[in-house]
Amino acid sequence: MNPSCSINQTAIWAQLHQHQRSTRFLHMRELFEQDPDRFEKMHEQLNGLMLDYSKNRITEDTLNLLIELATIADVRGWTDKMRRGEKINISENRAVLHTALRLPAEVAVYVDNHNVVPDIHAELERAFTFAESVRNGEYTGVTGETITDIVNIGIGGSHLGPEMVTLALRPFQQPNLNVHYVANVDGANLMEVLNTIKPSRSLFIIASKSFTTPETLLNAQTARRWFLQQGMTEKDIARHFIAISSAVSKAQDFGIDAQNIFAMFDWVGGRFSVWSTIGLSVMCAIGKKNFQDFLAGGRAMDEHFFTAPLRHNIPVLLSLIGLWYHTFYNTTSHAIIPYDHGLRRLAAHLQQLDMESNGKQVGRYGEHLDFDTGPVIWGEEGVNCQHAFFQLLHQGPRLISSDFIVPINSFYHVSTQHKMLVANAFAQTEALMHGKTLAEAYAELMHLDNKSRDMLAPQKVFPGNQPSNTLLLDEINPFNLGMLLAMYEHKVFVQGIIWGINSFDQWGVEYGKVLAKKIQPELGTTGPLQHDASTNGLIAYFRKHHHDTNTN
């Protein structure tokens, strides 16, 4: 597509709007009645993953139009540019190569005429070697005691991805090694961890590309002071603190040994970085072989995404169906609902992946986009959420799409609980799709008198026609989790390409940080304030009522 032509000025865009107007009254229950083979036509499988997308407000015509939209937006061309190492992150003049983190060593990808794959594998091998030495007890604290606690200090992609993967793969974790995650600058987050660990048996991972991320550095300095206050020495820091960073000199100034500083690459954004040395805490938890399986799962999804026809391409289908609702139905949110306790942080990880990537109203060339783009991503683990926000999904006034993620097998064999879990997931997608008519509600209440039935029946009506995708996995293992995460990465990428967004910068994150640096010193002074009336009032109120007990 010509860069000067906005996607919403194309003929296919107008056709999709017309198609939405002509099909918006179709009910999914009717679509299933009209075509008993709808599921067979609208599901895809890849290794241990199956996507059922039949419970959506779509027809074959919808899919054909959406695929034509993806073709006109040149999704294949942009994908090839990404794979080749072209600098598709235009605003920062950077390549986008998180997929290269999953490549085998013999493949070459060049950035500025330099093959980056050997660099990736060199750093991964360094990280694997270090992680294995911690796991097998070879790497000890300064007292000779083995490491029992790892504290990962980061924020955003240096926190959400590793934490989510570690929790999801708990059955594969070494039992005598505890991995903790600290991100929030609320002191409670760090102190809850420090109060449970022993300094001589703890290892702190400071994850910050620049080693200047304010939240991460504040927590790191606080952990450092605590470490010294427990009777450890400045010299001991080199044994108990390591860094994942591009700023080697800053990490060394902190007291970290150069050989314990693992590199990051500027062509990988934080929210795509769990596959790299940022995943060191995960490597320590699950070991080299399992982490390699995680990478292999991501690579399997990459190959599917790169080669499968668009009509049978799992990330592309998810992307197009999501775009159908967000842009042509003007919906505003999408729920992530994993029926697996280990995936309880998946929604948080995908919030950053999706909303930090595509939460923009300016196109990649600086043009204003006058159509809806990135949705609000939210969710919670099932079945907990059925007793919370599902009331809104079933009987609320909004059209809200959902992804249900369900493992077929569980590592925890407790009575019939897993079958009950799965039954609830399937039942919810059926109820969301099918609904309950007023006539059906009346029929259920024939045992009541007429007045009571007239009052209660409307309250038992479920409109239905609420769309959902169901993703089944054989089990939540490293390979399958790798496929799942890579699938969502590609989904976000495709939507960004079609909307004309640069999904790989995040200028909206930076502005608040700049203002925070100005406000923080003002909280402890009595000088004049130069903000708006509300912010001035908040600062003044804080000054008046804050009791500063910090002596550091």
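Figure 1. Of the contacts (heavy atoms within 4.5 Å) in the protein with a separation of 6 or more, 74% are between residues 24 or more positions apart. Buried residues, meaning those under 20% relative accessible area with a 1.4 Å probe and protein chains only, make up 54% of the 552 residues. The model is predicted: local features need pLDDT of at least 70, side-chain atom pairs count only at pLDDT 80 or more, and totals for chains, interfaces and linings use all residues. Residues are numbered from 1 along each chain as its sequence is written, and side-chain values use heavy atoms, with hydrogens and water left out.

**Figure 2. Overall dimensions and surface.** The radius of gyration, taken over C-alpha atoms, is 26 Å. Along the principal axes, the C-alpha atoms fill a box of roughly 80 × 60 × 60 Å. The accessible surface (Shrake-Rupley method, 1.4 Å probe) comes to about 24300 Å², and 53% of this belongs to carbon and sulfur atoms.

**Figure 3. The open sheet of strands E5 to E9.** The secondary structure comes to 22 helices and 13 strands; these are DSSP runs numbered from the N terminus, with at least four residues for helices (H or I) and at least two for strands (E). Five strands form an open sheet with parallel pairing, in the order E6-E5-E7-E8-E9. Strands E6 (178-182) and E9 (261-262) are the edge strands, each pairing on one side only. Two strands pair if DSSP finds at least two bridges between them. Strand E5 (residues 149-153) is joined to E6 by five bridges, and Asp 149 has Asn 178 in E6 as its bridge partner.

Figure 4. Strand E13 (residues 468-473) is largely enclosed by the rest of the structure, because six of its six residues are buried. In a regular strand the side chains alternate between the two faces of the sheet. On one side of E13 lie Ser 468, Thr 470 and Leu 472, and on the other Asn 469, Leu 471 and Leu 473; both faces are covered. Strand E2 (residues 49-52) runs antiparallel to E13 and is joined to it by four bridges, with Met 50 opposite Leu 472. Strand E12 (residues 401-407) pairs with E13 in the parallel sense over six bridges, and Phe 404 has Thr 470 as its bridge partner.

Key. The radius of gyration is taken over C-alpha atoms; the globule rule is 2.2 Å times the number of residues to the power 0.38. Buried means under 20% relative accessible area, exposed over 50%, partly exposed in between (1.4 Å probe, protein chains only).
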